[in-house]
Every structure is written in structure tokens, then in C-alpha cells.
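Colleague: Could you walk me through how the labels in this model were assigned? I would like to see each one set against its definition.

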Amino acid sequence: MKYKKSFITILIAVLAIGLLLISLLLINLFKDDIWDSNLKLLKNEILSEEVQNSEVNLSNFTPFEWDKVYFFPPYMLKEKVYNTVGYKWDWITETVSEGMNQIVFMKDDKVVCYIYGYPDNNGYGIFLKNDFYNEVIVLYSKNNEIFNIEKKNGIVYLKQVNQ
């Protein structure tokens with residue numbers, strides 16, 4: 001009889017621990033990664049009506065901390081993106097034409113925001129003052145880069161201002 005009670009107690013404890021582990025696993029599966037969470041925050045900030053048709057300091061405008069941001073040119077292979085940022089994270093997609101954004105914000109050598117796609121699909125786009133092909137452009141938060149925010153045909157564009 002003692003063994004039966006001990007067995008039941010151990011079985012209940014094992015089941016409880018198993019349920020706890022499964023619930024923790026499920027929570028982590030549905031949790032956004034930092035770059036996804038920050039992308040949502042940034043999109044909300046960019047699409048906010050109060051900031052349109054104005055100039056903003058990119059460092060102060062972004063709702064997360066970063067120390068450098070990479071702008072990748074069209075057709076950049078994802079291996080080169082990974083090599084540039086220093087590691088592979090989640091998944092990325094190669095740009096397939098001009099006019100697409102492939103932008104990676106970094107903080108302490110970790111990806112904190114990843115922007116990919118056409119402005120028409122995202123509702124916004126971020127662009128440098130000069131077109132660039134074949135080279136990666138890096139901006140640093142300490143340089144206080146200024147961007148003009150314009151809304152055209154329902155799309156919000158952040159365009160770097162000549163300083």
C-alpha cells in the first residue's frame with residue numbers, strides 16, 4: 001500500500017513537471033523574436049499620422065536602441081548579409097529587385113530589427129540619399145542621421161536628408 005501511494009505521488013509529480021515544460025515550450029514557440037517585436041514598433045511609429053511630412057533624427061525616432069544599421073543593396077546574397085552582420089539569425093530573404101528594403105538594425109552586434117520588402121507591401125520604406133549598388137552602407141546612431149518623412153499615394157517614405 002505504501003508503494004502504491006509513493007508511485008502515485010511520483011507519477012503526479014512527473015506529470016506536473018511534464019505539463020510545465022510543455023507550457024513553457026509553447027509559450028516560447030509563439031513569442032516574437034526581438035527583431036519582429038521591434039519591427040512592429042517601428043512600423044507603428046512610421047505610420048503614425050503625427051510624424052508624417054516632417055524631419056526626424058533616425059536615432060531618436062526608432063522605438064528601440066541600436067548602434068548601427070546596415071542598408072543592403074539589391075540582389076545581395078543572404079550569406080553575405082550573414083557575414084556582414086556576423087552571424088545567422090532566424091531567416092532572411094534575398095531582395096529580388098531594386099526598390100526593395102533590406103535593412104538590419106544592430107545593437108551590441110546583435111540584430112534588433114530587420115526590415116525587408118517593397119514599400120508598397122510594407123506601407124513604408126526607408127531610403128538613403130544616394131542610390132547604392134554592390135556595396136553595403138552602414139549608418140551609426142551616434143551620427144544622428146536626419147530623415148525626411150513623406151507620405152505619397154498612401155505609402156510613407158523615410159528619405160535621408162543631405163547634411
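Modeller: Gladly! Strands are DSSP runs of E with at least two residues, helices are runs of H or I with at least four residues, and both are numbered from the N terminus. Two strands pair if DSSP finds at least two bridges between them. The sheet here is open, with four strands in the order β1-β7-β8-β5 and mixed pairing. This is a predicted model, where local features need pLDDT of at least 70, side-chain atom pairs count only at pLDDT 80 or more, and totals for chains, interfaces and linings use all residues. Residues are numbered from 1 along each chain as its sequence is written, and side-chain values use heavy atoms, leaving out hydrogens and water.

Colleague: What makes β1 and β5 edge strands?

Modeller: β1 (54-57) and β5 (124-127) each have a single partner strand, so one side of each lacks a neighbour in the sheet.

Colleague: How do you know that β1 and β7 pair?

Modeller: DSSP must find at least two bridges, and β1 and β7 (residues 146-152) have four, in the antiparallel sense. Valine 56 stands opposite phenylalanine 147 in β7.

Colleague: Why is serine 59 called buried?

Modeller: Buried means under 20% relative accessible area (exposed is over 50%, partly exposed in between; 1.4 Å probe, protein chains only). Serine 59 has 18%, so it counts as buried. Serine 59 lies in helix α3 (residues 58-61).

Colleague: Which residues are in contact with serine 59, leaving aside its neighbours within four places in sequence?

Modeller: With contact meaning heavy atoms within 4.5 Å, they are Trp66, Ser141 and Asn144.
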